[in-house]
Amino acid sequence: MLKRVKFFITTLLIILITTFTVYRFFPSVVQKALTKKKFYDAHLKIKSIELEDITYSYAEGGEKNDEIIVLVHGFNSDKSTKIAYAKKLMDKYHVILPDLPGHGQTTRPVNQKYDIYSLRDRLEEFMQAKKIDKPVTMIASSMGGGIVTVYAHKYPQKIKKMILINPLG
């Protein structure tokens with residue numbers, strides 16, 4: 001009986017020390033695992049599209065035949081900040097959460113400019129690559145709000161509705 005208790009305590013200590021070490025010295029590993037779990041729990045699939053000079057990462061969920069909602073994040077952020085919104089919307093809508101260039105898992109093209117007009121053009125490039133040919137609702141915050149505003153100005157036929165949350169910070 002004493003051997004079992006010693007074995008249990010030793011095993012528990014090894015697990016605790018390993019967990020602490022990973023958390024303390026490799027926090028990004030823990031963060032990535034927790035973020036993946038959030039997407040999984042929300043029934044969002046992480047996908048990517050490779051184009052000539054960029055690989056777009058995005059999450060997608062909901063029925064394909066429903067109205068499309070695109071959630072655009074802000075500066076120094078990524079698609080994971082929109083999981084809670086997507087989770088509530090997926091029962092009625094098809095939801096897409098792209099990472100903008102240089103954010104999240106989307107690559108950083110060498111000569112990419114990060115002004116709202118250049119990012120607007122990249123958003124359109126993403127929409128074309130996804131073959132989205134009907135008007136969509138775009139919900140955006142912070143810098144994403146500015147990008148969506150100039151997107152709607154240039155492509156009014158592609159916007160059904162816009163919801164801007166604290167646009168341009």
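Is R120 buried or exposed, and what is its relative accessible area? R120 is buried, with a relative accessible area of 12%; buried denotes under 20% relative accessible area, exposed over 50%, and partly exposed the range in between (1.4 Å probe, protein chains only).

The views show a predicted model, in which local features need pLDDT of at least 70 and side-chain atom pairs count only at pLDDT 80 or more, while totals for chains, interfaces and linings use all residues. Residues are numbered from 1 along each chain as its sequence is written, and side-chain values use heavy atoms, with hydrogens and water left out.

**View A. The salt bridge between R120 and D121.** The closest N and O atoms of D121 and R120 are 2.9 Å apart, a salt bridge being a side-chain nitrogen of Lys or Arg within 4 Å of a carboxyl oxygen of Asp or Glu. D121 is partly exposed, at 34% relative accessibility, whereas R120 is buried. Side chains of opposite charge can pair when their charged atoms come close.

**View B. The salt bridge between K158 and E124.** The side chains of K158 and E124 meet at 2.3 Å, N to O. This pair links distant parts of the chain, 34 residues apart: K158 lies in the loop between α5 (143-154) and β6, and E124 in helix α4 (residues 116-129). Helices (H or I, at least four residues) and strands (E, at least two) are DSSP runs, numbered from the N terminus. K158 is partly exposed at 25% relative accessibility, while E124 is buried at 3%.

**View C. The salt bridge between K160 and E67.** The closest N and O atoms of K160 and E67 are 3.3 Å apart. K160 in strand β6 (residues 159-167) and E67 in the loop between β2 (55-61) and β3 (68-72) are 93 residues apart, and the pair links distant parts of the chain. E67 is partly exposed, with a relative accessible area of 21%.

**View D. A network of salt bridges.** K47, E60, K64 and K130 are linked in this network. A search of the whole structure finds eleven salt bridges.
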